[in-house]
Amino acid sequence: MSVDVLTRLAGPRRRVSAFQGASFTLIAAVGVMVGYPFLKVVVSLFIVDGAPSFEPIRRAFASDGIGEVLKTSVIVVFAAGILAVIIGSLMAWLNERTDARIPGVTDFVPLMPFLLPGIAFAIGWVLLLSPGAGILNVWIRDFLGLFGVEATRGPLNIYTMYGLIFCYFNALVPYAFLFVSAGLRNMPADLEEQARVAGAGRFKTFWRVTLPAMRPSVSAAAVMLIWFGFAMFSIPFIIGTGGNIEVLTVRIVRLINFTYPPQTDLAVSLSLFILLFVGGAWLIQLRIMKSATFVQIGGRGARGTTVRLGWGKWPARALMIGFLLVSGVLPMVGLLLTALQGFWSQRIDLGNLGFDSFKRVWQDEHVIDSFRNSLVLAAITATGIIVFAALMSTYMRRHGGVVSRILEGAIRLPVVVSGFVLIIGMILAYSGAPFYLQGSFLLFVIAYMAMTIPQASIIADAAAAQVSDSMSEAAAVSGAKEGKIFRKILVPLMIPGLVAGWTLVFVHVAGDMEVAAMLASNEKPVVGYAILQTFNAGKFADLAAIAVTLVLVSAACIGLGNLAGYFLSGHAGLRKSKKAKKA
C-alpha cells in the first residue's frame with residue numbers, strides 16, 4: 001500500500017536526469033531553509049521547555065499597551081491599504097484602458113518606491129512637513145503671511161496619524177497599481193466592448209463589467225498590501241517616533257535591538273498578531289478565488305478600444321502626475337536642500353549651498369563600510385535568488401508531483417506570513433546552536449533571499465510563462481539534455497524578465513531597513529543600520545546626504561538593469577535570427 005502511495009505522489013515513472021535531481025535537491029534545500037525558521041516561530045508560541053503551553057500567547061496579550069499598539073497598527077495598515085487599492089486600481093485602469101495614459105510618464109508609477117526607498121521617502125517628508133522647521137510648512141506660512149495670517153508652527157504636521165497613513169498610502173499604491181495593471185493586460189476586452197455597444201456608459205461598463213473581472217487582481221493586491229503594511233518598519237519608525245505613535249513592527253524591533261537584555265521571547269509572541277492578520281487576509285483571498293463571484297472573461301485577447309474620457313482626461317492625468325510628484329519629487333527636493341545646506345533649518349540660504357554634508361558622510365569609514373556591505377549583499381542576494389527563481393519556475397512547469405508542490409509552498413511561505421515573522425524565525429533558528437550564524441554575512445544572505453522570494457518568484461514565473469514549451473521540446477527531441485536546454489534556450493529567452501527581477505531585488509536589499517534593524521550591528525553595518533544610527537543622533541543633514549546617495553545608487557541600478565536587459569534581449573534575438581538563417 002505504501003508503495004502505491006509513493007508511486008502516486010511521484011507521478012508517472014520516468015528517468016531522473018542529473019539536472020532534474022540537482023534542481024529538486026536545491027529546491028528542497030531552500031524549502032527547508034525558509035520553512036524551518038517559520039516552524040521555530042510556531043513551536044516557540046505553543047511549546048515552552050518541551051511542554052505545550054499558552055504562556056507566550058498570554059504574555060503577548062498582557063504586553064504593556066498592546067491594545068493601543070494593535071489598534072494603531074490596524075488603523076494605519078487598513079486605512080492606507082484601502083485607499084491604496086482604490087487609487088492604485090483607478091490609476092491602473094486609467095493607464096491601461098483610457099486616453100489619459102502618457103507613454104513614458106504614467107508607466108513610471110510602479111517604479112517610484114524602488115527609486116526612492118521607503119526610508120528616504122519618510123525622511124524627505126519629515127524635512128518638508130515637520131510642524132516647526134519643515135521646509136514646505138515654512139513656505140506655506142510665508143504665503144499665508146501675505147494675507148495677514150501669522151503662525152509659528154504648521155499648518156501641516158507629518159508627525160500625526162494622518163501623516164503616517166499618508167506615508168503608508170504612498171508606499172503601497174504602486175503595488176496595487178502593478179497587480180491590477182497586470183490583470184487588466186491579461187483580461188480580454190471583448191465584454192467591455194459589448195457592454196459599450198449595448199449602450200452602457202463608461203461608468204456603468206467599469207462598474208458592472210471591468211470591476212468584477214478585476215476582483216482576483218484586486219484581492220491579490222489587497223493581500224500583498226497587508227503583507228507589506230504589517231512588515232513595514234522604516235516609515236513607522238521615522239514618522240511614528242516624532243509623533244509618539246507606535247506600531248507592532250516598531251515594538252518588536254525595540255524589544256530585540258533597543259532593550260537590554262533583548263526580549264526575543266516577547267517579540268516572538270507579538271509576532272503572532274502579524275501572523276494572524278496576514279494569514280487571515282490570505283484565507284479571505286483564497287475564499288474569493290474559489291468562489292464564483294467574479295467574472296471570468298474569455299475570448300479574444302486583443303487590446304480593447306481606448307476609452308475616451310473627454311474633459312476628464314486632464315484631471316485623470318493630473319492625478320497620476322500628482323502622485324509621482326508627491327511620492328518622489330517633493331521628498332527628493334527636501335532631501336537635496338537639507339543635504340546641500342549642511343543643516344536642517346526653517347530657511348534655505350541658496351548662497352550657502354554646498355557639498356559639505358556629502359564630504360563628511362563619505363569620509364566616515366562606518367558609512368563607507370555600510371554601503372560596501374549593502375551593495376555586496378544586494379549583488380549576492382539578487383543573483384542567487386533570481387537564478388534560483390528561474391530554476392524553480394522552469395522545474396515546476398515541467399515536473400509536477402505532490403512533494404514538489406509542498407516544497408514550492410514552503411518556499412513561497414513569505415507571501416503568506418509577514419517578513420517580520422520570518423526574520424524573527426531566522427534569529428531563533430540560525431543564531432544559536434548548531435549554526436551560530438548571528439552577525440554573519442551568511443545569515444544576512446539567507447534572510448534577504450527568504451524576504452525577496454515573493455518578488456523574484458512572481459517575476460520568474462511571468463518570464464517562464466512567456467517561453468513556449470515547444471522550444472524546449474524541440475531541443476529535447478534533438479537530443480539536448482535538460483541542463484543544456486535551461487542554459488542555452490530558456491535562460492536567454494527569459495533574460496529581460498530576469499534582469500528586471502534582479503534590479504528589483506538589488507534595489508530592495510540595498511535600501512532595506514527591516515532586516516538591517518534586526519540583524520545589523522556596528523561590526524556588520526549596512527545602509528539601513530547607518531541611517532537608523534544617524535537618525536537617532538539627530539544629524540539630519542548627514543541623514544539626507546546618505547538618503548540622496550542611496551537614491552542615486554538605486555536610480556543608477558535601475559538604469560543599468562534596463563540597459564542590460566535591452567542589450568541582452570537584443571543579443572539573444574540576434575543569435576536566434578542567425579541560427580535560423582544558418583538552418
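Reader: What share of contacts in the protein chain between residues at least 6 apart in sequence join residues at least 24 apart?

Author: That share is 79%, where contact means heavy atoms within 4.5 Å. This is a predicted model, where local features need pLDDT of at least 70 and side-chain atom pairs count only at pLDDT 80 or more, while totals for chains, interfaces and linings use all residues. Residues are numbered from 1 along each chain as its sequence is written, and side-chain values use heavy atoms, without hydrogens and water.

Reader: Why is α6 called roughly parallel to α12?

Author: Helix α6 (residues 118–129) and helix α12 (residues 234–243) pack at about 20 degrees, with axes 8 Å apart. Angles under 35 degrees count as roughly parallel, so α6 is roughly parallel to α12. Helices here are DSSP runs (H or I, at least four residues), numbered from the N terminus. Axes are lines fitted to C-alpha atoms over the stretch in contact, and angles run from 0 to 180 degrees between N-to-C directions.

Reader: Which residues meet there?

Author: From α6 come G118, I119, F121, A122, I123 and V126, and they meet S234, I235, I238 and I239 of α12. These contact residues divide into eight nonpolar, two polar and no charged. Ile, Val, Ala and Phe are among those that count as nonpolar, whereas Gly counts as polar.

Reader: What makes α12 mostly covered?

Author: Buried means under 20% relative accessible area (1.4 Å probe, protein chains only), and seven of the 10 residues of α12 are buried. They are S234, I235, P236, F237, I238, I239 and G240.

Conventions. Helices (H or I, at least four residues) and strands (E, at least two) are DSSP runs, numbered from the N terminus. Angles under 35 degrees count as roughly parallel, over 145 as roughly antiparallel, 65 to 115 as roughly perpendicular and the rest as oblique. Buried means under 20% relative accessible area, exposed over 50%, partly exposed in between (1.4 Å probe, protein chains only).
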